[in-house]
Amino acid sequence: MMESISKTFCILLFITSSWVAAETKQNITGYAQQPLCPPLGLGEYFEVSTIQTRSRMYGCAYLDKDTVLSKTPLLNMWLERPVETSVHGHCDDLTSMDHFVFKCIPKHYPHRTNEYIKGWHYITLLERRPTMKNNTEIRSTLFFRCAVYDVHNATSEGVKIIRMAISAPRVGMMHESQCDGLSKTMGQDNLSYVPEGRRTWPNGSLYLYLLGKSLKEPPQKTEQPKVQ
């Protein structure tokens with residue numbers, strides 16, 4: 001299974017360059033409210049792969065509900081640690097992975113028209129990290145990240161691909177400077193590689209592919225014939 005997954009990712013890496021140049025035929029009448037989390041689908045598991053890292057690292061992403069923390073679904077992201085290993089896992093094996101839980105907050109962004117045309121969605125990711133003592137939370141720290149993603153439905157392969165760049169975390173508050181540079185990551189197909197032993201760029205940002213099943217459209221209801 002891992003071999004077929006790796007081949008699929010290699011094939012789909014080619015799609016990145018076409019995304020960069022492609023433009024949709026949408027008419028822009030103003031920046032609508034951006035969606036919340038990326039459209040994974042509640043309870044749907046997406047396999048994750050790092051992009052442009054010397055050693056590929058894998059993981060898992062999904063949306064899950066936790067009504068105690070948020071009224072909206074939370075984005076769960078599992079990522080392999082940047083250590084040498086011969087055994088990789090996706091959603092079937094979450095050992096040796098770091099777990100991130102994000103609340104997604106929509107943003108009125110980007111300010112560049114061409115980014116909107118390309119289908120890039122900017123959101124804020126809010127991460128809450130509790131500090132525990134004797135199995136009791138004594139305090140929590142909030143970290144803010146800027147994120148941008150686009151979506152490609154590969155219907156012939158039956159998969160949905162979400163390409164996503166995530167900034168380094170910032171404690172306490174969000175700053176627009178965290179979004180700077182993410183468009184350069186999304187907009188280039190000849191990026192340099194992240195050094196061996198790291199999964200983030202020097203500025204602390206992540207560049208990821210999320211690969212999952214393409215969600216089928218619900219069947220349209222047919223009008224029942226009227227009984228005479």
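Modeller: The protein has an average pLDDT of 76, and 73% of the residues score at least 70; pLDDT is the predictor's confidence in each residue, on a scale from 0 to 100. This is a predicted model, in which local features need pLDDT of at least 70 and side-chain atom pairs count only at pLDDT 80 or more, while totals for chains, interfaces and linings use all residues. Residues are numbered from 1 along each chain as its sequence is written, and side-chain values use heavy atoms, with hydrogens and water left out.

For residues 11-34 the model has 45 contacts beyond four places in sequence, a contact being heavy atoms within 4.5 Å. For residues 217-228, the other stretch under 50, the model has zero contacts beyond four places in sequence.

Now the disulfides. A disulfide is a covalent bond between the sulfur atoms of two cysteines; the criterion applied here is a pair of cysteine sulfur atoms within 2.5 Å. The structure holds three of them. With the bonded cysteines of the protein numbered in sequence order, the pairing reads 1-4, 2-3, 5-6.

Take C37 and C104 to begin with. Their sulfur atoms are 2.0 Å apart. Helices (H or I, at least four residues) and strands (E, at least two) are DSSP runs numbered from the N terminus. The torsion about the S-S bond of C37 and C104 is about 95°, so the disulfide is right-handed. Both C37 and C104 are buried. Buried means under 20% relative accessible area, exposed means over 50%, and partly exposed lies in between (1.4 Å probe, protein chains only).

The disulfide between C60 and C91 has an S to S distance of 2.1 Å. It links distant parts of the chain, with C60 in strand β2 (residues 58-64) and C91 in the loop between β3 (74-80) and β4, 31 residues apart. Its torsion about the S-S bond is about 100°, so this link is right-handed. C60 has 0% relative accessibility and therefore counts as buried, whereas C91, at 25%, counts as partly exposed.

That leaves C146 and C179, whose sulfur atoms are 2.1 Å apart. C146 belongs to strand β6 (residues 136-154) and C179 to the loop between β8 (170-171) and α4 (182-186), so the bond ties together parts 33 residues apart in sequence. With 100° about the S-S bond, the link of C146 and C179 is right-handed. C146 is buried at 0% relative accessibility, and C179 is buried at 3%.

S167 is in the loop between β7 (159-166) and β8. Leaving out residues up to four places away in sequence, S167 touches R145, C146, Q178, L182, G204 and S205. S167 has 4% relative accessibility and so counts as buried. A154 is in strand β6, the strand that holds C146. A154 is buried, with a relative accessible area of 6%. Beyond its neighbours within four places in sequence, A154 is in contact with V159 and I161. From A154 to K213 the C-alpha to C-alpha distance is 9.4 Å, across 59 residues in sequence.
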